[in-house]
Amino acid sequence: MTSQIFPSDVQQSLDLVGIFVFALSGGLLAVRKNMDIFGICVLAEVTALGGGVMRDLVIGATPVAAFSNLGYFVTPLLAGLVVFFLHPEVERINRAVQTLDALGLGLFCVTGTAKAHDYGLGAVSSVALGMVTATGGGVMRDVLAGELPSLLRWDREIYAVPALVGAALVAVLTALGSLTAATGTAAALTAFILRMLALKYGWRAPRAWHRNGSRTSEE
């Protein structure tokens, strides 16, 4: 199966690290929204697992991995507890959290695309689900917190675009029969580097222009 890019123990370890970091971001938003411990854990779970759950439901991979693997379900709860007790410290290392989040973005767009392909989807659909795997949890987090999803906001650095690039690379590699641990890692690193460059240089997606040549305003 192409989705088994890495050895199973390595794959699970990487998944758990990515899930933990995604969950931290969900928990931190819950703290900013003044939620209680239940809300923190819910947002941590949704952020960490939402994208993978959506992917698995679409491709019919049931029961979904988030609920069939206890480690996947428990890890976000642990992250939620870390945020509940240590959120000032976690906020102080936010840059490190963003870096690990970018690594998770790269990993999940690659494995999500490969898994969708294994379930018979074409290249375009696999790429779309790879992007959903990497970003869907963040969208669900923002919606539950009553915010416009970050990846749709013009004033935030690009997030979905790096995932889309990484997923597209996987689709091309799969079509060429060249998807291996090395090339899959390269695709993940490409998405990671794009995200980090976006954070460093403030890269944003272009907005629509009015006919008079000015950009649409944001009130």
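A word on the model before we start: it is predicted, so local features need pLDDT of at least 70 and side-chain atom pairs count only at pLDDT 80 or more, while totals for chains, interfaces and linings use all residues. Residues are numbered from 1 along each chain as its sequence is written, and side-chain values use heavy atoms, with hydrogens and water left out.

Let's begin with the rings. How many aromatic pairs does a search of the whole structure find? The answer is four. To pair, rings of Phe, Tyr or Trp (the six-membered ring for Trp) need centres within 6.5 Å; planes under 30 degrees apart are stacked, over 60 edge-to-face, and the rest tilted.

One of these pairs joins Phe84 and Phe85, and it is edge-to-face, with 4.9 Å from centre to centre and 85 degrees between the planes. For accessibility, buried means under 20% relative accessible area, exposed means over 50%, and partly exposed lies in between, using a 1.4 Å probe and protein chains only. Phe84 is partly exposed because its relative accessibility is 35%, whereas Phe85, at 60%, counts as exposed.

Now please look at Tyr201 and Trp203. Their ring centres are 6.2 Å apart and their planes meet at 25 degrees, so this pair is stacked. Tyr201 has a relative accessible area of 53%, so this residue is exposed; Trp203, with 37%, is partly exposed.

Tyr201 also has a charge over its ring: Lys200 lies over the face, 5.5 Å from the ring centre. That label requires NZ of Lys or CZ of Arg within 6 Å of the ring centre and within 35 degrees of the ring normal. Which residue lies over the face of Trp154? That would be Arg207, at 3.9 Å from the ring centre.

On to the helices, which are DSSP runs of H or I with at least four residues, numbered from the N terminus. Thr190 sits in helix α8, residues 181–201, and is partly exposed at 27% relative accessibility. Leaving aside residues up to four places away in sequence, Thr190 touches Val165 and Leu169, where contact means heavy atoms within 4.5 Å. Between the C-alpha atoms of Thr190 and Lys115 there are 19 Å, and the two residues are 75 apart along the chain.

Definitions and conventions: Helix = DSSP H or I, 4+ residues; strand = E, 2+ residues; numbered from the N terminus.
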